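Please walk through this model with the sequence and the coordinates side by side. The text below goes from helix pairs to the chain as a whole.

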Amino acid sequence: MTNLNEVNQIEAAEGFAKAGVGERFKKVKTLCKGKKYGYALIELARIIRLTDKPYKAYSKMGHIYFSLGKYEKAIEKFNKALGDSAEPSLFYYMGRAYAKLGYFINAKDCLGQALALKGDANYYFERSRVCSRAGDFDGAIDDINKAIAIKPDKSKYYYMRGMLNLKLEHMSEAILDFSGAIFLNSKDIMAYFMRGRAFRYLCQTEKAIADYDVVIENDPTYYAFYGRGLSYMDKKDYNKAIKDFEKVLMLKPNDYRALNKINIAKAKLACA
């Protein structure tokens with residue numbers, strides 16, 4: 001952390017020592033832009049001493065700590081900000097901080113308070129994520145449905161619901177959701193990948209392969225080759241399956257699953 005005496009000396013040299021709250025907030029913005037968070041936090045502490053309504057300074061402190069991954073400190077500052085202002089965004093970010101720490105009950109409570117103040121689609125989306133992580137899939141589906149009802153043009157909401165339906169093994173619904181995400185954002189490669197998984201689960205092998213092809217063309221990762229390799233195994237096209245599993249090993253050496261599938265595919269070819 002930056003030394004307070006050092007800041008005093010710098011301010012004296014810059015003629016900034018008697019600056020008001022407005023000027024200091026501008027300085028905080030500049031410091032944060034330059035990622036000088038230690039100086040920014042000290043400047044915010046000065047603002048708190050200068051004003052009788054410090055909630056904006058506490059809120060900014062909370063955001064800085066949140067961005068630095070110091071979630072407990074962020075919660076502490078957001079709580080202090082709430083003493084003067086019950087803004088829904090404060091509850092929202094406090095809920096996210098609790099979720100980062102794995103305190104899902106607290107996170108749901110904070111997000112619920114944010115939603116009580118403002119029915120924001122992104123608040124429902126965030127609470128849906130928390131519910132999912134806590135294993136409350138019914139609650140997660142309910143919240144993501146509400147988010148989509150408010151903002152039906154957000155691809156990430158459909159992707160989220162698709163992932164929930166995938167976990168619940170509602171594959172037809174998952175396919176519709178991933179298709180919705182792709183319609184809204186054709187560059188959402190993970191939506192293609194997850195739709196490919198759902199197609200494969202329903203034994204729609206050609207459609208699965210087509211989706212994996214799109215993923216590989218844009219982002220040739222090991223899991224995309226592995227997924228397509230499994231689909232070729234389903235088709236009994238063992239030569240193509242072996243090629244894909246070999247590419248998995250090139251990208252992720254010693255992947256025992258790919259090695260095992262290669263051995264199985266070679267055994268199938270030997271028996272043909």
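Helix α3 passes helix α4 in a left-handed crossing, where left-handed means that the near helix is turned anticlockwise from the far one by less than a right angle, and right-handed that it is turned clockwise. The model is a predicted one, in which local features need pLDDT of at least 70 and side-chain atom pairs count only at pLDDT 80 or more, while totals for chains, interfaces and linings use all residues. Residues are numbered from 1 along each chain as its sequence is written, and side-chain values use heavy atoms, with hydrogens and water left out.

Two packed helices are described by the angle between their axes and the distance between the axes. For α3 (residues 37-50) and α4 (residues 55-67) the angle is about 160° and the axes are 9 Å apart; the axes are lines fitted to C-alpha atoms, for helices over the stretch in contact, and the angles run from 0 to 180 degrees between N-to-C directions. That angle makes α3 roughly antiparallel to α4, given that angles under 35 degrees count as roughly parallel, over 145 as roughly antiparallel, 65 to 115 as roughly perpendicular and the rest as oblique. On the α3 side the contact (heavy atoms within 4.5 Å) is made by Y37, A40, L41, L44, A45, I47 and I48, and on the α4 side by A57, Y58, K60, M61, I64 and Y65. By class, this contact of α3 with α4 has 12 nonpolar, no polar and 1 charged residues, where Ala, Val, Leu, Ile, Met, Phe, Trp, Tyr, Cys and Pro count as nonpolar, Asp, Glu, Lys and Arg as charged, and the others, Gly among them, as polar.

From α13, residues T205, A208, I209, Y212, D213, V215 and I216 meet A224, F225, G227, R228, S231, Y232 and D234 of α14, and the contact of α13 with α14 comprises 8 nonpolar, 3 polar and 3 charged residues.

Helix α14 also packs with α12 (residues 189-201), here at an angle of about 25° and with the axes 11 Å apart, so that α12 and α14 are roughly parallel to each other. The crossing of α12 and α14 is left-handed. In this pair M190, F193 and R200 of α12 meet Y223, A224, L230, S231 and D234 of α14, and the residues divide into 5 nonpolar, 1 polar and 2 charged.

Two loop residues have backbone angles to note. C203, in the loop between α12 and α13, has a positive phi of about 65° although it is not a glycine. E169, in the loop between α10 (155-167) and α11, is likewise not a glycine and has a positive phi of about 60°.

Taken as a whole, the protein chain has 16 helices and 0 strands, these being DSSP runs numbered from the N terminus (H or I over at least four residues for helices, E over at least two for strands). The radius of gyration of the protein chain is 26 Å, whereas a compact globule of 272 residues would have one near 19 Å; the value is taken over C-alpha atoms, and the globule rule is 2.2 Å times the number of residues to the power 0.38. Along the principal axes, the C-alpha atoms fill a box of roughly 85 × 40 × 30 Å.

The mean pLDDT (the predictor's confidence in each residue, from 0 to 100) of the protein chain is 91, and 93% of its residues reach 70 or more.
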